[in-house]
Amino acid sequence: MDFLFSEFQKGLYEDFARIGETVTANVEKHDRDASFDFIAWRALSDAGLWRIPVPKDLGGLGGSWQ
């Protein structure tokens, strides 16, 4: 079994890791306040996180969360 990322998976990882690095400044505030980080969610949504498990014929990437 191959446990290495494909080039596509590496690209996704790198893209979302960059987003994570930029939004982590507010993590403690939202944890402390028990509030939702809308800015982080918007960044992930705009980057297409939602498209990963959606079938290609519906505009997604045809992947899964696994």
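User: Which backbone oxygen does the side chain of tryptophan 50 reach?

Analyst: A polar contact is a pair of N or O atoms within 3.5 Å; within protein, one atom must be able to donate a hydrogen and the other to accept it, and residues adjacent in sequence count only if both atoms are side-chain atoms. Here the side chain of tryptophan 50 reaches the backbone oxygen of serine 45 at 3.5 Å. The model is predicted: local features need pLDDT of at least 70, side-chain atom pairs count only at pLDDT 80 or more, and totals for chains, interfaces and linings use all residues. Residues are numbered from 1 along each chain as its sequence is written, and side-chain values use heavy atoms, with hydrogens and water left out.

User: Where is tryptophan 50 found, and what is it in contact with beyond its neighbours within four places in sequence?

Analyst: Helices are DSSP runs (H or I, at least four residues), numbered from the N terminus. Tryptophan 50 is found in the segment after H3. Contact means heavy atoms within 4.5 Å; with neighbours within four places in sequence set aside, tryptophan 50 is in contact with Ser45 and Gly59. Between tryptophan 50 and leucine 61, eleven residues apart in sequence, the C-alpha to C-alpha distance is 9.2 Å.

User: Is tryptophan 50 buried, partly exposed or exposed?

Analyst: The classes rest on relative accessible area: buried is under 20%, exposed is over 50%, and partly exposed lies in between (1.4 Å probe, protein chains only). With a relative accessible area of 45%, tryptophan 50 is partly exposed. Histidine 30, found in helix H2, counts as buried at 14% relative accessibility. Not counting residues up to four places away in sequence, histidine 30 touches Ser35, Phe36 and Asp37.

User: What does aspartate 37 do at the start of H3?

Analyst: A side-chain oxygen of aspartate 37 reaches to within 3.3 Å of the backbone nitrogen of isoleucine 39 at the start of H3. That helix covers residues 38-46 and includes tryptophan 41. Just after H3, glycine 48 takes a positive phi of about 95°.

User: Which residue other than glycine has a positive phi, and where does it lie?

Analyst: Alanine 34 has a phi near 55°, a positive value in a residue other than glycine. Alanine 34 lies in the loop between helix H2 (27-33) and H3. Its relative accessible area is 73%, so alanine 34 is exposed.

User: Which residues make the nonpolar surface patch?

Analyst: Patches are made of residues with over 30% relative accessible area and no salt bridge; like charges are joined within 9 Å, and nonpolar side chains (Val, Leu, Ile, Met, Phe, Trp, Tyr) within 5 Å. Accessible areas come from the Shrake-Rupley method with a 1.4 Å probe, and for residues only the protein chains shown count as cover. In this model, Phe36, Phe38 and Trp41 make a nonpolar surface patch of about 390 Å². Tryptophan 41 is partly exposed, with a relative accessible area of 47%.

User: How many aromatic pairs does the structure hold?

Analyst: Two aromatic rings are described as a pair by the distance of the centres and the angle of the planes. Rings of Phe, Tyr and Trp (its six-membered ring) pair if their centres lie within 6.5 Å; planes under 30 degrees apart count as stacked, over 60 as edge-to-face and the rest as tilted. The structure holds one aromatic pair. The ring centres of phenylalanine 5 and tyrosine 13 are 6.0 Å apart and the planes stand at 45°, so the pair is tilted. Phenylalanine 5 is partly exposed at 48% relative accessible area, whereas tyrosine 13 counts as exposed at 54%.

User: How many salt bridges does a search of the whole structure find?

Analyst: A salt bridge is a side-chain nitrogen of Lys or Arg within 4 Å of a carboxyl oxygen of Asp or Glu. The search of the whole structure finds four salt bridges. Among them, glutamate 7 and lysine 10 meet at 3.2 Å, N to O; being three residues apart in helix H1 (residues 7-23), they are separated by about one helical turn. Aspartate 15 and arginine 18 form another, at 2.6 Å, N to O, and both lie in helix H1, three residues apart. In helix H2, lysine 29 and aspartate 33 are four residues apart, about one helical turn, and their side chains meet in a salt bridge of 3.1 Å, N to O.

Key:
Helices (H or I, at least four residues) and strands (E, at least two) are DSSP runs, numbered from the N terminus.
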